[in-house]
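Thank you for making time this morning.

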Amino acid sequence: MTPITVGVVDDHPLFREGVTRSLSEMSDFVVIGEGASSEDAAMIASNNRPDVMLLDVSMPGGGLAAIGDVLARSPTTKVLMLTVSEEVDTLLGALQRGAMGYVLKGVGSRGLAEAIQTVLSGSRYVSPTMSAKAMENTLQNGNSDKNSLTPREREVMDLVAQGLSNKHIGLRLNLQEKTVKHHMTQILSKLGASNRTEAALQWRERR
């Protein structure tokens, strides 16, 4: 199997070296670029086009600002934030700018590998702690309103909450799978959820 190529950008040399070493020890990954600033991230994206780019939030030039530069230079690269910041606004800002994941630095090597593989598959990955905080924040602010969903979206969410996949939801509602995926995109946006599991938890809370 072709190894997953990774860029690692963090302005703390010891941490960056540790992440690089951990990934290099696993046969699934190859680190093809390292840097310490948003400028370095943009350069790695242009020159190396890694499958996944790990970005710190707090670094020269700003990690959030680097997301757009990376994606502009290498649209196929998946951006995964690797940070100590537990601010919900920072998480949401990263996802809004195009990051596919948000991982806290306390994660172990296996957890990081899982996060990388998840975002590379096209799914979002948010550390459980941050996902719970985001959901709590959404509920407290009243942004999660099931009444904002269309009748069809509510039908889809009822089935998501039962644990059905997009394929089986499509069969149940006589919809194409791509149509179900479109509904899920709209639902996640309306509920302020980062993934279907978070959306299902919110939905059950409000049933």
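Predicted model: local features only at pLDDT ≥ 70, side-chain atom pairs only at ≥ 80, totals over all residues.

Asp10 lies in the loop between β1, residues 4–9, and α1, residues 13–24. Is Asp10 buried or exposed? With a relative accessible area of 2%, Asp10 counts as buried, because the cut-off for that word is under 20%. The side chain of Asp10 also reaches the backbone nitrogen of His12, at 2.8 Å.

Let me turn to helix α3, residues 63–73, where the buried residues are Gly63, Leu64, Ala66, Ile67 and Val70. Seen down the axis of α3, these buried residues fall within an arc of 145 degrees, so they line one face of the helix. As background, an α-helix has 3.6 residues a turn, so residues three or four places apart point the same way. What do the buried residues of α3 pack against? Their partners are α2 (38–48), β3 (52–55), β4 (78–83) and α4 (88–96).

Finally, there is a pair of helices, α8 (residues 166–173) and α9 (residues 177–191), whose axes come within 8 Å and cross at roughly 110 degrees, which makes α8 roughly perpendicular to α9. Asn166, Lys167, Ile169 and Gly170 in α8 meet Glu177, Val180, Lys181 and Met184 in α9, and the residues of this contact divide into three nonpolar, two polar and three charged.

Technical notes
Residues numbered from 1 in each chain as written. Heavy atoms only, no water. Axes fitted to C-alpha atoms, helices over the stretch in contact; angles between N-to-C directions. Helix = DSSP H or I, 4+ residues; strand = E, 2+ residues; numbered from the N terminus. Parallel < 35°, antiparallel > 145°, perpendicular 65-115°, else oblique. Contact = heavy atoms within 4.5 Å. Nonpolar A, V, L, I, M, F, W, Y, C, P; charged D, E, K, R; others polar. Buried < 20%, exposed > 50% of the residue type's maximum accessible area, 1.4 Å probe, protein only. Polar contact = N/O pair within 3.5 Å; in protein donor to acceptor, adjacent residues only side chain to side chain. Arc of directions from axis to C-beta.
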